[in-house]
Amino acid sequence: MKVWSKFLICICLLFTFHLPVQAQKIAIPKQVVNIKRAANIKNLVNGSTLIAYGWFDTSYRRQPLKKSVQEGHLFNFVQSFHVDKYLKGTGGRIITVLSTGIEPLPLPLNPINKVYPGPMGEGRYVSFLKPVPGTKIYTIVGGWQGVYPVYEGKTITLEEEGFPELNELTLRQFEAKIKLY
């Protein structure tokens, strides 16, 4: 009898912990994420529903698109962004983020990476996000303009992509800067 009740408890626990993971499976949109660069910081901030500090899961799901470019086939990727702090807006602790990328992966200096960046790598970031209409998924505003890695407590502006005014700022300084807009 004891063995049978332990078995039932284990089964119940497995289902309890398994159900939320299944509930988070979101359909991946099949439209290409079009990146529109922001003309200035004001447009970047105002074009973002959420600005958040956190980290991306290195795992992701992908959906092939029926489109290719000279460099390869296009895929949509979704990955989770774990929010440590909201600098603008509010939401859940985990946000699903959509991006379009190419496989096979182009060389890092290939300009096509600016158009189709794909999933984010490991590390902490400040991310500018906006919702994909009709879904619970977000995209990064302005492509690489909307992503600021944080290293040793300070933001890094990606060369030729981000805004230099947002470089080398602590999280507190970054938050104060974007509140000006």
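## Salt bridges

The side chains of Lys179 and Glu175 form a salt bridge with an N to O distance of 3.8 Å; a salt bridge here is a side-chain nitrogen of Lys or Arg within 4 Å of a carboxyl oxygen of Asp or Glu. This is a predicted model, in which local features need pLDDT of at least 70, side-chain atom pairs count only at pLDDT 80 or more, and totals for chains, interfaces and linings use all residues. Residues are numbered from 1 along each chain as its sequence is written, and side-chain values use heavy atoms, with hydrogens and water left out. Lys179 and Glu175 are four residues apart in helix α4, so about one helical turn separates them. Lys179 is exposed at 58% relative accessible area, whereas Glu175 is buried at 14% (buried is under 20%, exposed over 50%, partly exposed in between, with a 1.4 Å probe and protein chains only). Helices (H or I, at least four residues) and strands (E, at least two) are DSSP runs numbered from the N terminus.

The count of salt bridges comes to six. Arg37 and Glu161 meet in one of 2.8 Å, N to O. Arg37 lies in the loop between α1 (2-23) and α2, and Glu161 in the loop between β8 (154-155) and α4, so the pair ties together parts 124 residues apart in sequence. Glu161 is buried, with 8% relative accessibility. Asp84 and Arg124 form another salt bridge, at 2.3 Å from N to O. Asp84 belongs to strand β3 and Arg124 to strand β5, 40 residues apart.

## Nonpolar cores

The largest nonpolar core has 17 residues, and those with the most contacts inside it include Val126, Phe128 and Phe174. Such a core is a set of buried Ala, Val, Leu, Ile, Met, Phe, Trp, Tyr and Cys residues joined through side-chain atoms within 4.5 Å. Helix α2 gives the largest share, three residues. Beyond its neighbours within four places in sequence, Phe174 is in contact (heavy atoms within 4.5 Å) with residues including Leu87, Tyr148 and Leu166. A second, separate core of 14 residues includes Phe56, Phe81, Tyr86 and Ile140.

## Strand β4 and its partners

Eight of the ten residues of strand β4 (residues 94-103) are buried, so the strand is largely enclosed by the rest of the structure. Strands pair if DSSP finds at least two bridges between them. β4 runs antiparallel to β3 (residues 72-88), with ten bridges; His82 stands opposite Ile94. Three bridges join β4 to the parallel strand β6 (residues 137-140), where Tyr138 is the bridge partner of Val97.
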